[in-house]
Amino acid sequence: MRHYSLALGVFGGFRRDGAWVVPPRFTAWSMWGGGRLDLTEARFTAPETVIRAVALWGGIGIVVPDDIDLQVRGFGLFGVFGGREGRARRGTAGAAAPRVVVKGLALFGAVVTKSPRK
């Protein structure tokens with residue numbers, strides 16, 4: 001298993017997918033680039049995981065499976081933060097499901113949560 005606590009994309013991109021271990025606190029930073037976090041096959045080390053996502057003139061996509069309790073908090077200035085799907089699925093997972101809290105900022109960029117493609 002791969003262990004990461006930071007994903008950084010500056011004038012480029014990052015991608016975390018497959019089987020990887022998500023620590024209780026994870027930071028994703030995109031500046032003039034892009035990134036993708038796929039939590040579909042991820043293993044969580046705590047009941048609640050906080051992902052700090054910052055997109056400055058870039059974008060971050062976070063793929064969250066339906067069996068996870070998702071909360072989206074943040075702010076978008078001349079950009080998009082959250083995404084409709086993330087807010088719509090809030091609280092739909094069972095009580096034993098891991099909770100993922102996405103906190104962040106999008107400045108002339110986007111931080112968006114979405115369901116896995118079927």
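Trainee: How many strands form the open sheet, and in which order?
Mentor: The open sheet has 5 strands, ordered 2-5-8-12-10, with parallel pairing. Two strands pair if DSSP finds at least two bridges between them.

Trainee: Before I go on, what kind of model is this?
Mentor: It is predicted: local features need pLDDT of at least 70, side-chain atom pairs count only at pLDDT 80 or more, and totals for chains, interfaces and linings use all residues. Residues are numbered from 1 along each chain as its sequence is written, and side-chain values use heavy atoms, with hydrogens and water left out.

Trainee: How many bridges pair strand 10 with strand 12?
Mentor: There are 9 bridges, in the parallel sense. In that pairing Gly74 stands opposite Gly104 of strand 12.

Trainee: And the whole chain? What are its elements?
Mentor: It has 1 helix and 13 strands. From the N terminus the order is β-β-β-β-β-β-β-β-β-β-β-α-β-β.

Trainee: How much of the chain is buried?
Mentor: 44% of the 118 residues. Buried means under 20% relative accessible area, exposed over 50%, partly exposed in between, with a 1.4 Å probe and protein chains only.

Trainee: What share of the contacts is between residues 24 or more positions apart?
Mentor: 62% of the contacts with a separation of 6 or more. Contact means heavy atoms within 4.5 Å.

Trainee: Switching to strand 9. Which strands does strand 9 pair with?
Mentor: Strand 6 (residues 34-38) pairs with strand 9 in the parallel sense over 5 bridges. Strand 13 (residues 110-114) also runs parallel to strand 9, again joined by 5 bridges. Gly35 has Ile60 as its bridge partner in strand 9, and Gly59 stands opposite Ala110 in strand 13.

Trainee: Which residues touch the most other members of the largest nonpolar core?
Mentor: Leu37, Leu39, Ile60, Ile62, Val100 and Val111, out of 23 residues. Such a core is a set of buried Ala, Val, Leu, Ile, Met, Phe, Trp, Tyr and Cys residues joined through side-chain atoms within 4.5 Å. Leu37 has contacts beyond four places in sequence that include Phe14, Trp20, Phe26, Ile51 and Ile62.

Trainee: What about Leu56? Buried or exposed?
Mentor: Leu56 is buried, at 11% relative accessible area. Leu56 sits in strand 8 (residues 48-56). Leu107 is 51 residues away in sequence, yet the two C-alpha atoms are 4.9 Å apart. Beyond four places in sequence, Leu56 contacts Trp29, Ser30, Met31, Trp32, Leu105 and Leu107.

Trainee: Now rings. How many aromatic pairs are there?
Mentor: The count is 4. The rule takes rings of Phe, Tyr and Trp (its six-membered ring) with centres within 6.5 Å; planes under 30 degrees apart count as stacked, over 60 as edge-to-face and the rest as tilted. Phe11 and Trp32 have ring centres 5.2 Å apart and planes at 15°, so this pair is stacked.

Trainee: Where do Phe11 and Trp32 lie?
Mentor: Phe11 is in the loop between strand 2 and strand 3, Trp32 in the loop between strand 5 and strand 6, so the pair ties together parts 21 residues apart in sequence. Phe11 is exposed at 64%, while Trp32 is partly exposed at 41%.

Trainee: How does Trp32 pair with Trp57?
Mentor: They are stacked, 5.5 Å centre to centre with 15° between the planes. Trp57 lies in the loop between strand 8 and strand 9, 25 residues from Trp32. Trp57 is partly exposed, at 39%.

Trainee: Which residues make up the ring cluster?
Mentor: Phe11, Trp32, Trp57 and Phe108, linked by ring pairs.

Terms used: Helix = DSSP H or I, 4+ residues; strand = E, 2+ residues; numbered from the N terminus.
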